[in-house]
Amino acid sequence: MHYFQYHNNEMYCEDVPVQTIARQVGTPFYLYSHATLTRHFKAFNDAFEGLDRLVCFSAKANTSMAVLKLLAKLGSGLDIVSGGELFRGLKAGFSPDHIVYSGVGKRVDEIDFALEAGILMFNIESLEELELIQLRAAALHKKAFVSIRVNPDVDPKTHPYISTGLKKNKFGIDTESALSAYQRASRMSHISIVGIDCHIGSQITEIQPFEDALKSLKSLIQRLGTMGIPIRYLDMGGGLGITYREESPPQPFEYARAISNVLGDLKIQLILEPGRVIVGNAGILVTQVLYRKKGLVKEFVITDAGMNDLMRPILYNAYHEALPVVQSSGEPFTADIVGPICETGDFLAQDRQLTPVQSGDLLALMSAGAYGFVMSSNYCSRLRAAEVMVKGDQFAVIKNRETYADLIAGESVPAFI
Ligand code: LLP
């Protein structure tokens, strides 16, 4: 459920016509709905009512400061994967002890930053990382709180590039090796074991893979208990899918019920790292039609947003619904919606039935709030889009469109040229 709806054939975000924003801000721009973000966070968090839990929004899905600040105010924690995300998270007001840090390639400076900040825990992905964190914690006279990310070898049945819990993936430590990693960690002077973690993938539309992963973690927790290693936090990662087209992913309450059933009477504090399910359907990308062009075998609608603005179609063959901002009547036609970039992969949508559009019309690429702006780039020296948030009848630019000056900021031409 989201708040991008038509009234009299015109698309609104909450109470603001999308067209009004386009006139003032220009195109392309990402547009987020405050009410949708709030609703999604609350629905997810409330689904776990009765369970001791901390929902840590996965920053990588959307790191806009306004989005982060809103989620922090709603009581979210934060899942980060870089020093940059930690920086943003602290600036946005997340309490350090509500921040968990995952990722296979944490650098020394990032580890030090997180130790100094006093985060809740590091999700350890390899033995070498464990050794390094012990060394850095000792050097800084800090205690590092850790969980080990376990790779449960579960197929999340999603796109291969976003499956992370299979043994062929680079993530986590297999269950048997995890036991010895825990033993090793328990003997380290500056490491304090607090949790266990997994994240099996993203855009998961079935419950079963989550249940399988949780069963595997639960049995590890019990084995660790018999080894005298108590576990306080169980981090299930993120991954719950959303509807882009016809998918019918489990609702947060169904997901929560399944988790609760598997947990049974295990006394544990649950950590969840949802990203997409909170922001995905709370954002759209608005673009303007530049031209229509008829090829010999295909028709193209050429827009001012391209693959540099929304990478998901070319990267994962992802589907984003393309809707007219103002609905028109007339014969529908089939076309590819493509950007201005000189690559055949520069498409936003392929073979779509569209109502008539012409140059100057606005199109909305739906469900673009997660992994949209954050994955955009300056390829072809294109300016990254503006970001806007609506709350009720107000809207605000939360990130300015880049300028040509921004493009070369930080560059220098050395004297030897
Ligand atoms: N926790 C960890 C450790 C993760 O690696 C991820 C996502 C999440 C949580 C959040 O997962 P979510 O709830 O959003 O599914 N760029 C891709 C998605 C990559 C996901 C990477 N990890 C896309 O556009 O589909």
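A polar contact is a pair of N or O atoms within 3.5 Å, and within protein one atom must be able to donate a hydrogen and the other to accept it, while residues adjacent in sequence count only if both atoms are side-chain atoms. This is a predicted model, in which local features need pLDDT of at least 70 and side-chain atom pairs count only at pLDDT 80 or more, whereas totals for chains, interfaces and linings use all residues. Residues are numbered from 1 along each chain as its sequence is written, and side-chain values use heavy atoms, with hydrogens and water left out.

| Residue | Part of residue supplying the N or O atom | Distance to ligand oxygen |
|---|---|---|
| Ser202 | side chain | 2.4 Å |
| Gly239 | backbone | 2.8 Å |
| Arg276 | backbone | 2.8 Å |

Taken alone, the ligand exposes 590 Å², of which the protein buries 92% (accessible areas by the Shrake-Rupley method with a 1.4 Å probe). Around the ligand there are 19 residues (a heavy atom within 4 Å), and those that come nearest are Ser202, Glu273, Arg312, Tyr316 and Tyr371. This shell divides into 5 nonpolar, 8 polar and 6 charged residues.

By an automatic or database assignment of domain bounds, the chain is divided into domain 1 (4-32 + 280-408) and domain 2 (34-279). Their contact takes 21 residues from domain 1 and 23 residues from domain 2 (heavy atoms within 4.5 Å). Because both domains give residues to the shell around the ligand, the ligand lies between them.

Conventions:
Nonpolar A, V, L, I, M, F, W, Y, C, P; charged D, E, K, R; others polar.
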